[in-house]
Amino acid sequence: MVKGIKDVHEQILDVLSRYLSPLNAKGVLSRALARADLRRDQLDDVTAPQVVGNIQRAARLFVDPAALAQLEEELTRLASSGQAPAAVKVQVNGERDIVKARAAGRQICEQLRANAFSVQKVATVVSELARNIVSYAEQGHMEVTPIPGGRARVRIVAVDDGPGIPNLARILSGKYRSKTGLGLGIVGSKRLADKFDIQTGRHGTTVSVEIVL
Amino acid sequence: MEEQYERIPIIKLWDQLLVPLQGDVTDERADRLSEEVLERLRTSDARGLVIDITGLWMVDSHLCATLSNLASSAQLMGTRTVICGMSPAIAMTLQTMGVEMRGVRMALDLEEALDWLGFRVVRPDDELDLDATVDDLETGEVAN
């Protein structure tokens with residue numbers, strides 16, 4: 001992918017040069033490339049996040065701690081510009097779609113370079129909500145939306161037009177136990193969420209969850 | 001869309017059964033596995049069952065319930081059962097959700113699971129090695 005006049009390599013070098021001597025900037029970048037097992041010409045929008053991650057780790061040793069946060073932010077912005085992962089919508093009609101949905105959640109988290117716990121939280125919430133659709137509404141859809149930025153987040157929305165949840169209060173109290181599972185799908189998702197909203201009625205249910213990565 | 005029906009191996013390890021789970025386990029696969037494992041317990045003379053979940057990338061509450069039910073059922077059949085290899089991220093997630101694995105024996109890893117089932121590592125030359133080490137130490141002390 002071509003990006004304006006300057007390629008990604010030059011853009012990263014420009015940023016680094018503002019924090020390091022030209023020699024050190026080049027050194028840090030080439031080591032980051034080597035560590036990612038990439039040649040210079042393989043550095044593009046897709047591989048940039050990986051390389052930037054390596055640079056950020058190496059930069060901690062070389063860059064003035066006071067300026068480090070600023071550098072990391074600049075690099076992160078650079079790496080995510082133009083390639084912020086797209087939102088993924090998954091139709092949920094059956095059990096196989098639960099797998100598909102949680103894999104999509106995982107992929108988005110990894111593109112946002114989330115840590116293992118965050119990936120797990122997102123994938124688990126997606127899995128729980130998708131299963132509820134399959135078990136109680138038969139079909140619906142899920143949407144996983146990445147919200148990049150300083151505090152990267154993921155929004156998960158599950159929509160179905162099933163019969164609604166009649167015993168929501170009991171479910172949210174955590175006392176409910178389902179026949180097939182632990183009955184923790186919804187309350188568990190709520191506990192994992194940084195923001196949680198549920199609308200349910202006779203014509204369907206919409207659950208919306210936000211998780212800060 | 002290609003349907004994947006990978007078989008989950010049920011490995012006989014002397015008088016134990018070892019079930020290593022990997023990748024992404026669908027609800028259906030987990031249910032089928034439970035049946036297969038319990039059937040194998042009935043037909044084999046296994047005295048213990050280890051379910052190793054090291055290779056699972058995620059475990060949600062439903063899979064937890066399935067595994068927990070499998071472990072309890074195996075225990076009802078008189079088989080000591082232990083689940084091992086839960087990653088820190090999965091453990092933290094399940095804990096946050098309020099999932100409990102009551103009544104199920106958990107172990108850090110396969111070694112600890114086998115240890116609990118009574119396995120000990122005994123190498124034929126352990127005693128010799130021990131002597132050699134002691135000798136070395138003594139020689140070292142003398143030399144110093």
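A salt bridge is taken here as a side-chain nitrogen of Lys or Arg within 4 Å of a carboxyl oxygen of Asp or Glu. By this rule, four salt bridges cross the interface of chain B and chain A. One of them pairs Asp24(B) with Arg102(A), with 2.3 Å between the closest N and O atoms. The model is predicted: local features need pLDDT of at least 70 and side-chain atom pairs count only at pLDDT 80 or more, whereas totals for chains, interfaces and linings use all residues. Residues are numbered from 1 along each chain as its sequence is written, chains are lettered from A and ligands numbered from 1 in the order in which they are written, and side-chain values use heavy atoms, with hydrogens and water left out.

Contact (heavy atoms within 4.5 Å) links 24 residues of chain B with 26 residues of chain A. The area buried between the two chains is about 2,300 Å², and carbon and sulfur atoms give 59% of that area; buried area is the accessible area (1.4 Å probe) lost on putting two parts together, summed over both. On the chain B side, the most area is lost to chain A by Trp57(B), Thr93(B) and Met97(B), together 26% of what that side buries.

Polar contacts (a pair of N or O atoms within 3.5 Å, one able to donate a hydrogen and the other to accept it within protein, residues adjacent in sequence counting only if both atoms are side-chain atoms) join 11 residue pairs between chain B and chain A, both residues being at pLDDT 80 or more. Helices (DSSP runs of H or I, at least four residues, numbered from the N terminus) that give two or more residues to the side of chain B touching chain A are α1 (27-43), α2 (61-76) and α3 (88-97) of chain B. The largest share, six residues, comes from α3(B).

Two cavities of 30 Å³ or more are present in the structure. A cavity is a set of points on a 1 Å grid over the protein atoms alone where a 1.4 Å probe fits but cannot get out, and lining residues have an atom within 4 Å of a point. Grid points are joined across faces, edges and corners, and a volume is the space filled by probe spheres set on the points.

The largest cavity has a volume of about 40 Å³. Its lining includes Arg102(A), Arg131(A), Asp24(B) and Asp60(B). The second largest cavity, of about 30 Å³, has Leu21(B), Ala30(B) and Leu70(B) among its lining residues. The largest share of that lining, four residues, comes from α2(B).

Key: On a 1 Å grid over the protein atoms alone, a cavity is a set of points where a 1.4 Å probe fits but cannot get out, and a pocket is an open set with protein on both sides within 12 Å along at least five of seven lines; lining residues have an atom within 4 Å of a point.
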